[in-house]
Amino acid sequence: MTTLQKQAKPELTPDDRMKEAMSLWEKGASKEQEGSLSDAIHYYRSALKVDHGVENMYRRKLFDEYKAQKQLEALRINDEGNASKKDVDGTDLSSSDNDVQLDPCWLLEMTPNDILLRIVEQVVFWSGESWVNLSLTCKAFNKLCFHNSHPFQTFADMIYKKQVYDRAELELNGIADISEVESKIWGNDKLKMLTERPFIKFQGLYISVVNVLRLGANDEGSLSLQKPIQILTYYRYFRFYKDGTCLRLLTTDEPSVIVKHFSKANKPKGSEVCQWAIGIDYNFGVLNIRRSNDKYDFHEQFIIKNRGRRKHHQLEWVKSVAVDREGTILENSLKNERSFNFSRVKSYKVE
């Protein structure tokens, strides 16, 4: 006679429970950061079922990591604060006027400045982050990067030549040459212009995360007086190109799915190619995006704004309208919409 015995699932040790709970909680934090609140709640609840003290452990872990980071920064030759003058294109610009001294590099000290400036210029073309990192290497480059107007001139020329402006608005306001307006407003102060004059960034995506709460329905026969709440999360994406086009997508797919392959050469299903241009209001800070289909012409308008210290990093909704073939204007509600924030993607090249 054979006896069947159920094999009990081995109980987790306290350390294993803590690790499993922490792993689930970190997944929840990641989902919350992406804007997927329903998934985040699912992971948080699962983590609390494994270990009810996981939230305190997670906060303690973040605090320990923060303390360790601060201790490492204190050991660095040059504080990151030296590179935090004005954030442009996601990059901190700095004058490095601190008391912290950078070690001299004798080889570079003996090299003529015109040669070093050419090196700085090439680094600026490469990326703004590389420009800041170069300034932290030694005294010679620190002085040339942030105590010389040439890099700011190079950076401004590189950025603003790629912008597309609304020709109709320029002609309506009698502006034949936009450089004349630049000179009147900012003169030769390129750093001030980079700080005050908005621009569109190309090496990444603008992403808007929208969470909509909806009341669900109780199961048939349920006597509960409370209805479940559903959280619907969807994303809007914009990728801009210097030819005046942009790729637009509305989807429930998360950035981890979309970002890597989001381009005009590999258009995701449901995406649309639009036309974009910058208007002259708000110091050239109004962005107009237009697209059309068989029935309607769509016009979406935004203001390019700062997000904290990140300059020109956010697109704030102004209006969204649709015009039918008879000229009737329909205004779309912006009640649930959220601003777009720029996210740098290193694999993207300026096309």
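Predicted model: local features only at pLDDT ≥ 70, side-chain atom pairs only at ≥ 80, totals over all residues.
Hi everyone, let's begin with the largest pocket. It holds about 330 Å³ of space. Sorted by those classes, its lining has six nonpolar, three polar and two charged residues. Who are they? The lining is made up of Q33, E34, I207, V209, P255, V259, R307, N341, F342, S343 and V345. Three elements, α1 (14–34), β3 (204–215) and β11 (340–344), each bring at least two residues to that lining. Which of them gives the largest share? That would be β11, with three residues.

Now come with me to strand β9, residues 310–324, where we find L315. Is L315 buried or exposed? With a relative accessible area of 0%, L315 counts as buried, because buried means under 20%. Look at what surrounds this residue: setting aside neighbours within four places in sequence, L315 is in contact with I200, Y206, F240, L287, F302, I303, I304, S339 and F340. Take Y206 from that list: 109 residues separate L315 and Y206 in sequence, and their C-alpha atoms are 7.9 Å apart in space.

My last stop is helix α7, which covers residues 139–146. This helix is mostly covered, with six of its eight residues buried. If you want to find them on the structure, look for A140, F141, N142, L144, C145 and F146.

Terms used: Residues numbered from 1 in each chain as written. Heavy atoms only, no water. Buried < 20%, exposed > 50% of the residue type's maximum accessible area, 1.4 Å probe, protein only. Helix = DSSP H or I, 4+ residues; strand = E, 2+ residues; numbered from the N terminus. 1 Å grid on protein atoms, 1.4 Å probe; cavity = no way out; pocket = protein on both sides within 12 Å on 5 of 7 lines; lining within 4 Å. Points joined across faces, edges and corners; volume = space filled by probe spheres on them. Nonpolar A, V, L, I, M, F, W, Y, C, P; charged D, E, K, R; others polar. Contact = heavy atoms within 4.5 Å.
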